[in-house]
Amino acid sequence: MNCTTARGLRDPYLGGGLAPALERRIDRHLVRCPDCWSRFEAADPSLLFRGLGAPPLPDSFWAGFWPRVRAAIQADRGALPFRIPGLRPAALLAAGVLLAALIVGGWFLWPGRTGPLPEAARGGPSPLSGPGSLRPAARGLPTIDSPPATGARIYRFEVGAEGELPTEVILIFDERIDL
Amino acid sequence: MDEALWIRRAREGDLDAFEAIVRGKRERVFWTAYRIVGAEEAAKDVAQTVFVRLWQNLGRIDPDRPLDPWLHRTTVNLAIDAFRRSRRFLPLTGDLEDRPAAARSAAADPPDAALARAEVQSIFDRLARHLTAAQRAAFVLVEIEGYRADEAARTLGVRPSTVRNHLLNARRLLRRRLLQLYPEYAGGFRRRPEREEP
């Protein structure tokens, strides 16, 4: 569609008297032609709304507005991330470390999983029924016991510096444990 | 005191300085939100959220650059979200509602102008409820606030041609409803009988 044709159809277009297909052709022309766009725009009845502007509002309109904003700010002020330099990166780092720990822990402790341990490091099935009778694990690598009768899994490992008395840690996982 | 100084003081935690910023910007923020949301309380809620976000982001805002673009962009986007949420619950038909914002603005205008503005505002509020959020935002930014299509496109995060398409569709819908419901405001155009609205 050229400019002459489009401009000749301006009034029926603005009056809503054209077929939708013809309206779409005019639309496509208007989007490409700034001159026709301006001519159509100048006669469009929706120009009525151009004068709405932003009239001033009386002070009474704003009663209670600032106190609400201030209250929301003060509720938020505990965090004040922008006033403590380095807090946000530190918080992100801590969150990352925690997430990594959860992923690694989940990898080892997921139900039904024995963990990526070498076969030799696993303690093998044990007839044990309680931690008091567990065999001590070899230092350095955790062992796993899976009492066949209960379905529980028991992880054992030791912590402590070389040359010192180690502390044995026993983790028992059983979905039937009710704390 | 200039805006940059207020911002610097607010960044140091000075609530009085921040209140001065809020007082200086609240009307513009409110009206932009109101044009898009179409309800006074919802627009006030949007304005409140905008200023809380401003407080939270003061550390990232350059005091030496104008604050208005950030405020305007944030207001428009929050208002679009609020309008989309409100459309889920509000019927699209109904009589003209009481428009306290338009009515209260009358207090600051000459009586005739205020009445005319309140009437046009009511008509816009009624007709614009039928627009999509994107059409409404494009119409408000370009037709009412006077931004160019490319400026509105930057605010809305779309291409200028998309804004022009939204504008054409918004104008068409407003025009048809105006001709149908308020022909006395249609500037001499008369609705064609063969194009009746469903």
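This is a predicted model: local features need pLDDT of at least 70, side-chain atom pairs count only at pLDDT 80 or more; totals for chains, interfaces and linings use all residues.
How many residues of chain B are in contact with how many residues of chain A? In this model, 56 residues of chain B touch 48 of chain A, contact being taken as heavy atoms within 4.5 Å.

Residues are numbered from 1 along each chain as its sequence is written, chains are lettered from A and ligands numbered from 1 in the order in which they are written, and side-chain values use heavy atoms, with hydrogens and water left out.

Between them, chain B and chain A bury about 5000 Å², 64% of it on carbon and sulfur atoms; this is the accessible area, with a 1.4 Å probe, that the two parts lose on being put together, summed over both. The two chains are also joined by 7 salt bridges, each a side-chain nitrogen of Lys or Arg within 4 Å of a carboxyl oxygen of Asp or Glu. One of these pairs Glu23(A) with Arg176(B), whose closest N and O atoms are 2.8 Å apart.

Let me finish with one residue, Glu143(B), which is found in helix α7 of chain B, helices being DSSP runs of H or I of at least four residues, numbered from the N terminus. Glu143(B) counts as buried because its relative accessibility is 3%, the cut-off being under 20% with a 1.4 Å probe and protein chains only. Leaving aside neighbours within four places in sequence, Glu143(B) is in contact with residues including Glu41(A), Leu47(A), Arg50(A) and Leu167(B).

Technical notes. Helices (H or I, at least four residues) and strands (E, at least two) are DSSP runs, numbered from the N terminus. Buried means under 20% relative accessible area, exposed over 50%, partly exposed in between (1.4 Å probe, protein chains only).
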